[in-house]
Every structure is written in structure tokens, then in C-alpha cells.
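Please read the following report alongside the sequence and the coordinates of the chain. It moves from the chain as a whole to a few individual residues.

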Amino acid sequence: MNQVLYIKNAAQVITVGGASTAPKIREQMTDLQIIEHGGIVLENDRIAFVGSDIEAQKYVDRLETETRTICAEGKIVTPGLIDPHTHIVFAGSREKELEMRLQGDSYIEILKQGGGILYSTAQTRAAPEEELVEASKKRLDRFLLYGVTTLEAKSGYGLTVEDELKQLRAARRLNEMHPIDIVSTFMGAHAVPTEFKENPDEYVRIVIEEMLPKVAEEKLAEFCDVFCEEGVFTLQQSERILEAGKKLGLIPKIHADEIVQFGGAELAAKIGAISADHLLKASDEGIHMMAQKGVVAVLLPGTAFFLMEKPADARKMIEAGVPVALSTDRNPGSCPTESLPLIMNFACLTMKMTPAEVLTASTINAAHAIGRANEIGSIEVGKKADLVLFDAPNYQFLQYNFGVNLVEMVIKDGGVAVEGGKLL
């Protein structure tokens with residue numbers, strides 16, 4: 001039976017259209033393709049019509065199907081928000097590290113003391129898969145309440161063959177059971193585990209020869225990521241891992257230049273990564289190379305804020321022609337939040353991105369960062385019916401109000417998943 005949903009008379013329908021084949025760059029990021037007093041018709045899980053509300057009503061009148069009408073008067077409609085960089089499958093928490101940082105310890109110093117990623121690894125190794133699923137489901141529920149309809153989830157808190165597979169299997173189960181679509185990334189190269197501290201090359205061998213083949217065999221991930229950073233994985237080790245992943249069909253991503261200027265942005269361009277993430281210390285040459293190769297910069301202003309660091313230079317990247325996306329980096333240590341709208345606020349207030357650029361970065365450019373722009377990220381006929389209704393009269397209002405949740409309704413795959421701020 002054909003299921004029809006008609007979203008009627010929105011103050012603004014912000015389509016963010018026209019960029020399904022390539023991400024938006026420079027001034028394109030401000031082109032939201034807004035329809036004032038717009039209407040949208042959804043048939044089953046797809047967008048069937050988008051345009052003026054007058055024309056949307058005519059489209060509905062021609063249908064011989066019972067239609068549910070949702071009045072969006074005084075509200076805006078955007079594509080479902082997309083989070084292209086998270087670490088949501090984990091056990092335990094690291095609230096004590098906040099005090100350590102306030103007392104002057106750096107991220108790398110905490111890692112060397114057995115904290116950080118290594119602490120989360122110990123907790124995640126000890127947790128059964130079912131526990132990981134239950135804990136992560138709660139996080140996904142909160143993401144959905146904040147308007148996120150698709151997100152990427154990385155492994156990297158197992159750091160053994162079986163525990164990395166356990167994380168990825170948990171993510172696969174969550175994708176099957178939760179409304180949010182989950183795109184999985186293998187990140188066995190998130191840190192060198194304690195047992196290989198004196199022999200990191202042996203751990204790299206295990207990642208390449210033991211972990212990656214099993215991940216590919218079970219089809220547990222689409223992407224391969226590595227923490228290319230001083231004190232973690234070298235440029236040479238990172239390149240070996242990402243090239244090995246490419247041979248097995250995993251698309252490269254890279255945690256690049258977060259702590260020091262390390263050459264990660266240059267490596268991302270060299271190997272043809274789909275995205276390079278963090279980039280707080282990226283060099284001018286690395287930014288230029290990313291722009292030439294179309295590598296998406298996934299920026300994480302919430303992480304910089306929580307670590308009390310200067311954020312990435314979004315303006316320099318946009319002006320250089322790098323496509324910019326935004327993400328929460330949801331993880332237990334450096335950014336424990338599921339609020340992508342708050343991250344969007346931070347992008348304006350700490351990186352001086354405009355409200356229009358922020359919406360582009362959280363929708364269509366984020367979709368490009370996870371290889372989904374042909375399906376999601378904009379409100380266009382034929383795409384998946386993933387939408388958010390915000391209790392806001394215009395798109396600027398979203399960034400003018402910070403620290404509050406203006407999500408009124410979330411539509412996922414053509415069905416209402418959140419209404420009146422509550423999960424259905």
C-alpha cells in the first residue's frame with residue numbers, strides 16, 4: 001500500500017539541493033536553495049515532490065491515496081542531519097579526565113598514563129556485545145532526538161582482532177534495529193595497545209594481516225580509518241594500513257593533524273581519502289592538496305572546545321576550496337555529546353562559519369564524507385525521505401539559539417520517528 005505524507009506550508013523548505021555529484025565548496029556552501037512557503041510530499045520512503053505549497057497541494061489532490069498531512073506553518077524543514085564521524089560503540093566513561101585536563105595534563109599525556117583511548121579499550125574489551133548494543137542504543141536515541149538520521153560509527157576501542165569485530169558487529173546490529181542508519185568504519189589503528197607499546201610495528205602487522213581481512217570477509221565496514229598523529233601512528237604506518245584497506249575494498253579516512261602539524265592532510269590527499277578529520281594543525285600545503293583532490297574536511301569544533309584547544313581554521317579551508325563537513329566526534333573522552341545542533345552552534349561561534357555554511361556542512365557535505373550523497377543530504381525528488389522540522393521561522397534562527405533543542409519532528413524513511421520532542 002502506498003503511504004503518503006504531506007508536509008504543508010513550511011515557512012522555509014531548505015533543500016540544500018544541487019550537489020549530489022560533488023560536495024559544495026566556497027560560495028556554493030551558502031546556496032541553500034530555499035523554498036519559502038514550501039510543501040513536500042513523501043511516498044513510502046522517498047521524496048516524491050518538493051516545491052511551493054500551492055503546487056504540493058495540487059500534487060496531493062491528484063493522488064488516489066489516503067494522505068497524512070503535517071502542518072509546518074511557522075517552521076522550517078531541512079534534510080535529516082548527518083554525523084560523519086562518531087565513536088558511539090564503547091563501554092565505560094572518562095569523566096575523571098576532565099579534571100586531569102583542567103589541572104594541565106594534555107590529551108597525549110593522559111594517553112601515556114593509561115587513560116584516554118586505552119582506558120576505553122579496557123572497558124570495551126570487558127563488555128559483552130549485548131552490553132555494547134544496549135549502551136549505544138541510548139546514545140542513538142539521543143542523536144535522533146537532535147535530528148540526526150544517519151551517522152558513521154568507528155571501531156577502535158577493541159584493539160584486538162575479536163574485540164574490533166565485536167564492536168563492528170554491535171554497530172551492524174544497531175543499524176538493523178534502530179531508525180538511524182549507521183555507516184561503519186574500521187579503526188583498529190586508533191591507538192597502539194599497551195601490550196604492543198614496545199613493538200608498534202607488530203601491532204600494525206596484526207591490523208593489516210589479521211584484522212582487515214576478517215573485517216572485509218564479514219563485510220563489517222565500508223571505510224578504514226587511522227589516527228595519524230605524533231605518539232600514535234606514523235605517516236608510514238598510516239599509509240601502509242590505509243593502502244591495505246583499499247586493496248580489500250575499504251575506502252580510506254584519516255584522523256589528521258589534530259595535536260601537531262604532522263602531514264596527515266597531505267597523506268589524505270596522496271592516498272585519495274574520502275575525508276580527513278580534525279585538522280586543527282593542518283598545514284597550508286595540506287589544505288591546498290586536499291582542495292585539489294576534493295577530500296572532505298570533517299571538522300569537530302566540539303572536540304576542540306572540550307579539550308580547550310583552538311579549533312580548526314574553517315575559513316581558510318573554505319576559502320581554499322576544501323569541502324567542509326561537521327560532526328560531533330561523539331566519544332567517551334574528548335567530545336561526550338550527541339547534540340549535532342550544538343556543534344553547529346560552535347561552528348558559527350568558534351570557527352566563524354555562517355549559518356548557511358553550517359547547514360550545508362551538516363547535510364549534503366556530511367553525506368559526501370560517508371559516500372551517501374546520492375541518497376541523503378538534500379531534499380530532492382527520489383532521495384530518501386529523511387527530514388527534520390525545526391521550531392524556527394528561518395534557518396538563521398537555528399544558530400541564533402544555542403544550547404537548546406529546536407527539533408519538533410524527525411521523519412526517517414518516510415515515517416515519523418520523533419514528534420513533539422519525543423521518540424515514537
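## Overall form

This is a predicted model, and its protein chain is built from 16 helices and 17 strands. The C-alpha trace spans about 70 × 45 × 45 Å along the principal axes of the chain. A compact globule of 424 residues would have a radius of gyration near 22 Å, so the 21 Å found for the protein chain agrees with that expectation.

Of the 424 residues in the protein chain, 59% are buried. When contacts between residues at least 6 apart in sequence are considered, 73% of them join residues that are at least 24 apart.

## Surface and charge

The protein chain has an accessible surface of about 16,200 Å², and carbon and sulfur atoms account for 50% of that area. Its side chains include 43 positive and 61 negative ones, with the centres of the two sets lying 1 Å apart.

## The annotated region

An unreviewed UniProt entry places the feature "domain: Amidohydrolase-related" at residues 76–414.

Asn9 belongs to strand β1, which covers residues 4–14, and has a positive phi of about 55 degrees although it is not a glycine.

Phe346 is located in helix α13, which runs over residues 340–351. Its relative accessibility is 12%, so Phe346 counts as buried.

Which residues does Phe346 touch, not counting those up to four places away in sequence? The contacts of Phe346 under that condition are with Pro301, Gly302, Phe305 and Met351. Leu300 is 46 residues away from Phe346 along the chain, and the C-alpha atoms of these two residues are separated by 9.2 Å.

Technical notes. Residues are numbered from 1 along each chain as its sequence is written. This is a predicted model: local features need pLDDT of at least 70, side-chain atom pairs count only at pLDDT 80 or more; totals for chains, interfaces and linings use all residues. Side-chain values use heavy atoms; hydrogens and water are left out. Helices (H or I, at least four residues) and strands (E, at least two) are DSSP runs, numbered from the N terminus. The radius of gyration is taken over C-alpha atoms; the globule rule is 2.2 Å times the number of residues to the power 0.38. Buried means under 20% relative accessible area, exposed over 50%, partly exposed in between (1.4 Å probe, protein chains only). Contact means heavy atoms within 4.5 Å. Accessible areas come from the Shrake-Rupley method with a 1.4 Å probe; for residues, only the protein chains shown count as cover. Lys and Arg count as positive and Asp and Glu as negative; His and the chain ends are not counted. The place of a charge is taken as NZ of Lys, CZ of Arg, CG of Asp or CD of Glu. UniProt positions are given in the numbering used here, feature names are shortened, and annotations may be inferred rather than shown by experiment.
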